Amino acid sequence: MKSAVIVFPGSNCDRDCAAAIERSTGAKAQFVWHAERELDPDLDLIVLPGGFSYGDYLRCGAVAALSPVMEAVKAAARRGAAVVGICNGFQVLCEARLLPGALLRNAGLKYVCKPVELEVANAQTRFTAGYAGRRTVQMTVGNGEGNFYADEDTLDRLEGEGQVVFRYKENPNGSARGIAGIVNARGNVLGLMPHPDRAFEAELGSSDGAILFQSVAKSA
Amino acid sequence: MAEGRLQATVEVFLKPGVLDVQGKAVEKALHGLGWPGVSDVRVGKTIRFALDPADPAGAEAEVRDMCERLLANTIIESYRVEIA
């Protein structure tokens, strides 16, 4: 599997993501600076990491979504490459309109940082095939703006089409319908607030995140 | 101000119905200070900039385009443009 992690100014989980990919799949990940206009044409996986790109100025992910590299990410998504946005990366994907909806300030106002139990709502995506038979998985969240919002029609469509992939067992931030992660209609772009990159080996408290990267590698 | 330069003011608020937790917190604090009559507090932002438009008549449309593409996220926010 050939993979890349995009680095924006203010990204702080880029190295975690690369470590997670490498430890989970054995494949090396390359770092790509946000100012690049081109990506290797044969990437199987592109990860937009967590952090505070551009200081979260204006809105989380809004400025990063206009970074030069994002045109190349969009082209790769059109080509069918797997794109994963984790935490701030999910916010960037929504701002770039690669995924529907938006992330609001947490309903409880607080930054929430803790382990969460997730229901795998759809184990038939290329990101979640490895979770088949698993009722719940554990990862951690760390966000102040992880409250997923979309209008009712969009939420109905997401649920109806199996685009809701992860759901919180206990909603930590007020997300609509407990949604923790969604895929696009085509199923090759995933955004999630919990961090698989902080749950890829038992020493981290959970190795459930590794399965996500392994699932992508298997489908590559 | 230089000749032909306009001043643009953009106000951005979360749409009605979208939870504004900042507004809620401010409202609660105002109640605590002894203003129980305060309700529906919304906290938004104002963005101001000077603009030297190619076509002054099209300045507002230009600023609205900026709002659609960056200054507001129209999934959750509405905006108001003022050109002076």
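Biologist: Which residues of α1(A) are buried, and what covers them?
Modeller: This is a predicted model. In α1(A), the buried residues are A:D14, A:D16, A:C17, A:A18, A:A20, A:I21, A:S24 and A:T25. The cover over these buried residues includes β1 (3-7), β2 (29-33), β3 (45-48), β4 (82-86) and α5 (208-219) of chain A.

Biologist: How far apart are the end C-alpha atoms of helix α1 of chain A?
Modeller: Helix α1 of chain A holds twelve residues, 14-25. At 1.5 Å a residue the helix should therefore span 16 Å.

Biologist: Which residue follows α1(A), and what is its phi?
Modeller: The residue that follows α1(A) is A:G26. The phi of A:G26 is positive, near 80 degrees.

Biologist: Which way do the residues of β3(A) point, and are they buried or exposed?
Modeller: In a regular strand the side chains alternate between the two faces of the sheet. In β3(A), A:L45 and A:V47 point one way, while A:I46 and A:L48 point the other way. As to burial, all of these residues are buried.

Biologist: Which residues stand opposite A:V5 and A:I46?
Modeller: β1(A) and β3(A) run parallel and are joined by three bridges; four bridges join β3(A) to β4(A), also a parallel pair. In β3(A), the residue opposite A:V5 is A:V47. In β4(A), the residue opposite A:I46 is A:V83.

Biologist: Which residues have the most contacts inside the largest nonpolar core?
Modeller: The largest nonpolar core has 80 residues. The largest share of this core, six residues, comes from α5(A). The residues with the most contacts inside the core are A:I6, A:I46, A:V83 and A:L93.

Biologist: Where is A:C87 found, and is A:C87 buried or exposed?
Modeller: A:C87 is found in the loop between β4 and α3 (88-95) of chain A. Its phi is near 60 degrees, a positive value in a residue other than glycine. Because A:C87 has 29 C-beta neighbours inside 10 Å, the residue counts as buried.

Biologist: Is B:D40, which also has a positive phi, buried or exposed?
Modeller: B:D40 lies in the loop between α1 and β2 of chain B. Its phi is near 55 degrees, and the residue is not a glycine. Since B:D40 has 8 C-beta neighbours inside 10 Å, it counts as exposed.

Biologist: In what order do the three strands of the open sheet of chain B lie?
Modeller: β2 (45-51) and β3 (77-83) of chain B are the edge strands, each pairing on one side only. Strand β1 (residues 6-14) of chain B is joined to β2(B) by seven bridges, and the two run antiparallel. The order in the sheet is β2-β1-β3.

Biologist: At what angle does helix α2 of chain B run to β3(B)?
Modeller: Helix α2 (residues 59-71) of chain B lies across β1, β2 and β3 of chain B. Its angle to β3(B) is about 155 degrees.

Biologist: Which residues of chain B does A:Y149 touch?
Modeller: A:Y149 is in strand β8 (residues 147-149) of chain A. With 20 C-beta neighbours inside 10 Å, A:Y149 counts as buried. Beyond residues up to four places away in sequence, its contacts include A:G101, A:A102, A:L104 and A:A176. From chain B, A:Y149 touches B:V18 and B:I76.

Note on methods
Residues numbered from 1 in each chain as written. Chains lettered and ligands numbered in written order. Predicted model: local features only at pLDDT ≥ 70, side-chain atom pairs only at ≥ 80, totals over all residues. Expected span 1.5 Å × (residues − 1). Buried ≥ 20, exposed ≤ 12 C-beta atoms within 10 Å, placed from the backbone. Contact = placed C-beta atoms within 7 Å. Pairing = 2+ DSSP bridges. Axes fitted to C-alpha atoms, helices over the stretch in contact; angles between N-to-C directions. Core = buried A, V, L, I, M, F, W, Y, C linked by C-beta atoms within 7 Å.
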